[in-house]
Amino acid sequence: MRYAFLDEEAKKEIRRSILKAIAIPGYIVGFASRELPVARGWGTGGLQVTLAMINEEDTLKVIDQGCDGSVNAVNIRNFIKSVTDVKTTTNTKEATIIQTRHRVPEIELQEKQTLVYQVPMPDVLETVEPSIAKAKLLHANADYSKLWVLLYEDTSMFGDSRISNRYPVMVNDRYAMDPSPIPKYDTLKLNNCKALQLFGAGREKKIYAIPPYTKVEPLKFEDREFKVENFEGKKCSRCGSQDSFLDEVYDDDGVTHYYCNDTDYCDNNLNDGEK
Amino acid sequence: MILDMRSVSKVFGKFCPNCLETTGADFNSSICPTCKSVVGVNDVNLTLAKGEVLGIVGESGSGKSTLLQLIYQDQKASLGEIFVKEFVGVDGERKNILDANLNELSHLRNSLMSMIYQNPRLGLNYNFSAGGNIAEKVIMSGNKKYDEIRNRALFFLEKTEIPTSRIDDYPEYFSGGQQQRIQISKALSSNPKILLLDEPTTGLDLSVQAKILDLIKELQHEIGFSMIVVSHDLGVIKHLTDITVVMKNGQIVERGLTDQILEDPQHPYTQLLVSSVL
């Protein structure tokens with residue numbers, strides 16, 4: 001078995017695509033998505049990006065919607081561990097590579113960390129322009145008026161955008177980009193992030209990136225506020241945190257509980273409390 | 001001059017050296033005898049001053065619409081130069097719009113010119129509401145403030161006598177005449193310097209035609225943009241325009257004040273055209 005599963009040619013090609021993506025923040029770069037022992041659409045894009053860049057000195061963390069313990073996260077972590085033998089962790093601070101599905105960790109990421117997103121739909125224009133050829137031209141022309149009209153129509157009919165996740169962002173004042181289905185809550189964390197952010201879509205065969213310290217802004221009207229999920233008056237039933245993204249859970253009696261979505265953040269809060 | 005066209009030609013086909021010389025009104029043909037190319041527009045020179053309204057008349061196939069599309073860049077001209085005021089290169093010199101890149105082209109089409117098509121389906125996006133259609137044009141011309149966009153849409157819908165309460169309805173729920181008026185609202189919402197109209201009232205009933213023509217005329221007086229109207233309906237031309245050119249087989253065969261052309265046509269084809277009015 002080769003180190004990191006992929007053959008060296010494949011890794012070389014993926015690294016080249018990653019470099020191009022970093023050089024043009026927000027631009028979608030194609031790559032030849034390889035077969036993996038995971039079905040396409042289950043994180044193969046993120047997996048290939050991770051496998052192409054991981055080495056012996058890395059510490060890996062994999063999360064699925066904030067959780068280190070969900071089936072998808074555990075399986076991907078075990079798979080990468082089995083083909084590379086790198087250290088794995090659930091601690092956000094210790095990790096050098098964090099592969100994530102649909103969440104950005106709660107605590108601020110640092111330089112030299114890399115956040116790898118698993119992306120289902122890489123092109124933000126897909127919802128408004130079904131033809132990929134035309135969408136490419138719109139990107140080339142920085143013509144995002146159709147996204148704006150969508151935002152206009154939502155604002156006129158509902159008072160605000162209806163998009164709850166996958167909120168379109170402008171990267172470096174140039175490309176409109178799909179940030180993968182992270183909640184609106186996380187959108188602002190992409191801006192000026194100290195860590196390198198890479199996006200891999202295995203089924204769609206696309207890679208794109210946001211280099212560290214890059215301007216990333218949600219698409220919004222100049223005279224309208226960008227609103228995110230509001231958890232005011234609610235706190236985590238486990239650690240008591242009031243400033244994290246919360247999951248709503250109903251128990252058998254129909255009582256509503258709230259828990260931190262980021263399990264590592266919640267665990268750390270508990271540990272700190274015990275100290 | 002707000003628009004200046006010099007020796008503009010459009011040839012569909014191979015385009016051999018004989019194309020332009022062996023077609024035109026004198027030959028009564030648009031098809032090149034050597035290479036069988038179709039010459040849509042043959043060596044046209046045209047200028048338009050600020051606030052001027054120009055009419056283009058001619059039989060079908062004479063190149064009226066093609067000429068308009070060459071100006072709006074729906075099609076690329078094969079030869080010639082087209083200059084538009086305020087469209088300048090980096091050194092501030094006026095720039096041939098045939099050399100424009102994609103970005104400059106969208107600026108040209110979004111901020112400097114607007115086109116009103118005969119069929120509203122070409123000018124409107126039926127997946128967007130009436131307000132959304134107008135918003136698209138306003139956004140493309142650079143405005144990113146919701147309230148201003150909304151007010152602009154309301155303003156122009158009111159100007160074109162569409163009930164403003166219907167701003168969020170989709171175009172297919174409006175009648176044909178109303179759709180045409182939404183298209184006019186959309187075209188005007190970016191404050192264009194030149195408005196291009198391609199048979200704006202053909203296919204509408206007479207009372208609606210009259211209303212839309214009055215509206216266009218009124219808005220033109222009020223806002224003062226320049227206008228080019230293509231029509232085979234001499235009534236529309238007479239009603240709207242100050243000067244007129246007559247086209248035949250891709251060439252301009254006569255030009256002058258509209259009254260002059262309609263009252264005292266010189267070219268045999270124009271005489272035929274004017275005398276054919278029912």
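This is a predicted model: local features need pLDDT of at least 70, side-chain atom pairs count only at pLDDT 80 or more; totals for chains, interfaces and linings use all residues.
Start with the overall build. Chain A has seven helices and twelve strands, while chain B holds ten helices and ten strands. Along its principal axes, the C-alpha trace of chain A spans about 55 × 50 × 35 Å; for chain B, the C-alpha atoms fill a box of roughly 55 × 50 × 30 Å. The radius of gyration of chain A is 19 Å, which agrees with the value near 19 Å for a compact globule of 275 residues. Chain B, with 278 residues, also comes out at 19 Å, and again this agrees with the compact-globule value near 19 Å.

In chain A, 44% of the 275 residues are buried, and 61% of the contacts between residues at least 6 apart in sequence join residues at least 24 apart. For chain B, buried residues make up 45% of the 278, and 66% of the contacts counted between residues at least 6 apart link residues at least 24 apart.

Now to where the chains meet. The contact draws 18 residues from chain B and 15 residues from chain A. On the chain B side, the elements giving two or more residues are helix 2, helix 4 and helix 5 of chain B. Helix 4 of chain B gives the most, with six residues. Sorted by class, the side of chain B that touches chain A has seven nonpolar, five polar and six charged residues.

Eleven of its eleven residues are buried, so the helix is largely enclosed by the rest of the structure. The buried set includes Gly131(B), Gly132(B) and Asn133(B), along with the charged pair Glu136(B) and Lys137(B). What do these buried residues pack against? Their partners are helix 5 (145-158) of chain A together with helix 2 (102-112), helix 5 (146-159) and helix 6 of chain B. Following helix 4 of chain B is Gly142(B), whose phi is positive, near 110°.

Helix 6 of chain B (residues 176-188) also pairs up with helix 7 of chain B (residues 206-223), at an angle of about 10° and with the axes 11 Å apart. The two helices are therefore roughly parallel to each other, and their crossing is right-handed. From helix 6 of chain B, the contact uses Gly177(B), Gln180(B), Arg181(B), Ile184(B) and Leu188(B); from helix 7 of chain B come Val208(B), Ile212(B), Ile216(B) and Leu219(B). Such spacing has a simple background: an α-helix has 3.6 residues a turn, so residues three or four places apart point the same way. By class, the residues of this contact divide into six nonpolar, two polar and one charged.

Over in chain A, helix 1 (residues 8-23) and helix 2 (residues 44-53) pack at an angle of about 105°, with their axes 9 Å apart. That makes helix 1 of chain A roughly perpendicular to helix 2 of chain A. Helix 1 of chain A brings Lys11(A), Ile14(A), Arg15(A) and Ile18(A) to the contact, and helix 2 of chain A brings Gln48(A), Val49(A), Ala52(A) and Met53(A).

Terms used. Residues are numbered from 1 along each chain as its sequence is written. Chains are lettered from A and ligands numbered from 1 in the order in which they are written. Axes are lines fitted to C-alpha atoms, for helices over the stretch in contact, and angles run from 0 to 180 degrees between N-to-C directions. Helices (H or I, at least four residues) and strands (E, at least two) are DSSP runs, numbered from the N terminus. Angles under 35 degrees count as roughly parallel, over 145 as roughly antiparallel, 65 to 115 as roughly perpendicular and the rest as oblique. A crossing is left-handed if the near helix is turned anticlockwise from the far one by less than a right angle, and right-handed if clockwise. Two residues are in contact if their C-beta atoms, placed from the backbone, lie within 7 Å. The radius of gyration is taken over C-alpha atoms; the globule rule is 2.2 Å times the number of residues to the power 0.38. A residue is buried if 20 or more other C-beta atoms lie within 10 Å of its own, exposed if 12 or fewer, and partly exposed in between; C-beta atoms are placed from the backbone.
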